[in-house]
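Please have a look at the sequence and the fold before reading on.

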Amino acid sequence: MVGQLEIVQLPVLHDNYVYMIHEPSSGATAVVDPAVVDAPLEAAAARGWSITHIFNTHHHMDHVGGNLDIKEKTGCAIIGPKADKARIPGIDIEVSDGERVTFGDAQAKVFFTPGHTRGHIVYWFEDDAALFCGDTLFAMGCGRLFEGTPAQMWTSLQKLIALPDETRVYCAHEYTQANGAFALSVEPGNEALQQRMIDVKSLRERNIPTIPSTIGLEKETNPFFRPTSPLLRETINLTGASDVDVFAKTRELKDQF
């Protein structure tokens, strides 16, 4: 069955999103980055789903905190980055860049995206135009470089920029409003960004998630996707610099914002 995944978004903790993915043909059900235990178990039970998989993008506790308890209660298989297997609790299946994960009748391609952490991966369901990107990419933002270099992160983001514009971006945090305020500070004349912030403000005033985004929208409005932008380069005084140097400076400015 092509393009039939059911995706449920669960807001948890302060600003995390945990995702449930259900493949109806096989009944396979995954939890993406379970920060907590109860919310995904309750969401599955309410829908009559049985959790068969956990997909982890990286080792931070607000992404793996529910791993062991969910596995104990369901017997699910935990899939995570081979490059960081020692820090993924309960990992059963280790995956690397370019590998494909079979999930019922669906398939996800794995991309290795170090930068936020040294072992970060993301999962792209091509037939469903769905990207589960953890903390590598946010709406109008990207993850802090806790364990990687600007060059690593820029290389990682270029893999995502190359995905189809219609790809839905299911990132792991509701950071959009704060990210957008920074984006406006470095690209104030970006009309698409100005309009997006009007839309974001309206959504958040009604407590509606701003996620998912799309790759196409990020290419228009996310400064970390836009180091080639003449306006961005002019604003941060790096007109003649390399793309990676522009990215690095933008990330540095965001850290100080």
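How much space lies in the largest pocket? The answer is about 220 Å³. This is a predicted model, in which local features need pLDDT of at least 70 and side-chain atom pairs count only at pLDDT 80 or more, while totals for chains, interfaces and linings use all residues. Residues are numbered from 1 along each chain as its sequence is written, and side-chain values use heavy atoms, with hydrogens and water left out.

**Pockets**

- A pocket is an open set of points on a 1 Å grid over the protein atoms alone, with protein on both sides within 12 Å along at least five of seven lines; lining residues have an atom within 4 Å of a point.
- A volume is the space filled by probe spheres set on the points, which are joined across faces, edges and corners.
- The largest pocket has 13 lining residues, and Phe138, Cys142, Gly143, Arg144 and Tyr175 lie nearest its centre.
- Its lining divides into four nonpolar, five polar and four charged residues (Ala, Val, Leu, Ile, Met, Phe, Trp, Tyr, Cys and Pro count as nonpolar, Asp, Glu, Lys and Arg as charged, and the others, Gly among them, as polar).
- The second largest pocket holds about 170 Å³ of space, and its lining includes His14, Asp15, Glu174 and Arg204.
- Strands S1 (6-12) and S2 (16-23) each give at least two residues to the lining of the second largest pocket, which has six nonpolar, three polar and three charged residues by class.

**The cavity**

- One cavity of 30 Å³ or more is present (a cavity is a set of grid points where a 1.4 Å probe fits but cannot get out).
- The volume of the largest cavity is about 30 Å³, and among its lining residues are Tyr17, Val32, Phe132 and Tyr170.
- S2, S10 and strand S13 (168-171) are the elements that give two or more residues to this lining; the largest share, three residues, comes from S10.
- By class, the cavity lining has eight nonpolar, one polar and one charged residues.

- Helices (H or I, at least four residues) and strands (E, at least two) are DSSP runs, numbered from the N terminus, and two strands pair if DSSP finds at least two bridges between them.
- Five of the five residues of S3 are buried, so this strand is largely enclosed by the rest of the structure (buried means under 20% relative accessible area, with a 1.4 Å probe and protein chains only).
- Ala28, Ala30 and Val32 point one way from S3, while Thr29 and Val31 point the other way.
- S2 and S3 pair antiparallel over five bridges, and the hairpin they form has four residues between the strands, with glycine 27 in the turn at a positive phi of about 85°.
- Alanine 30 stands opposite isoleucine 21, and its bridge partner in S4 is histidine 53.
- S3 pairs with strand S4 (residues 53-55) in the parallel sense over three bridges.

**The open sheet**

- Six strands make up an open sheet of mixed pairing, in the order S7-S8-S9-S10-S13-S14.
- Strand S7 (100-103) and strand S14 (213-214) are the edge strands, each pairing on one side only.
- Strands S9 (residues 121-125) and S10 (residues 130-134) run antiparallel and are joined by three bridges.

**Helix H4**

- The buried residues of H4 are Met153, Trp154, Ser156, Leu157, Leu160 and Ile161.
- Seen down the axis of H4, these buried residues fall within an arc of 160°, so they line one face of the helix (the arc is that of the directions from the helix axis to the C-beta atoms).

How values were computed
Buried means under 20% relative accessible area, exposed over 50%, partly exposed in between (1.4 Å probe, protein chains only).
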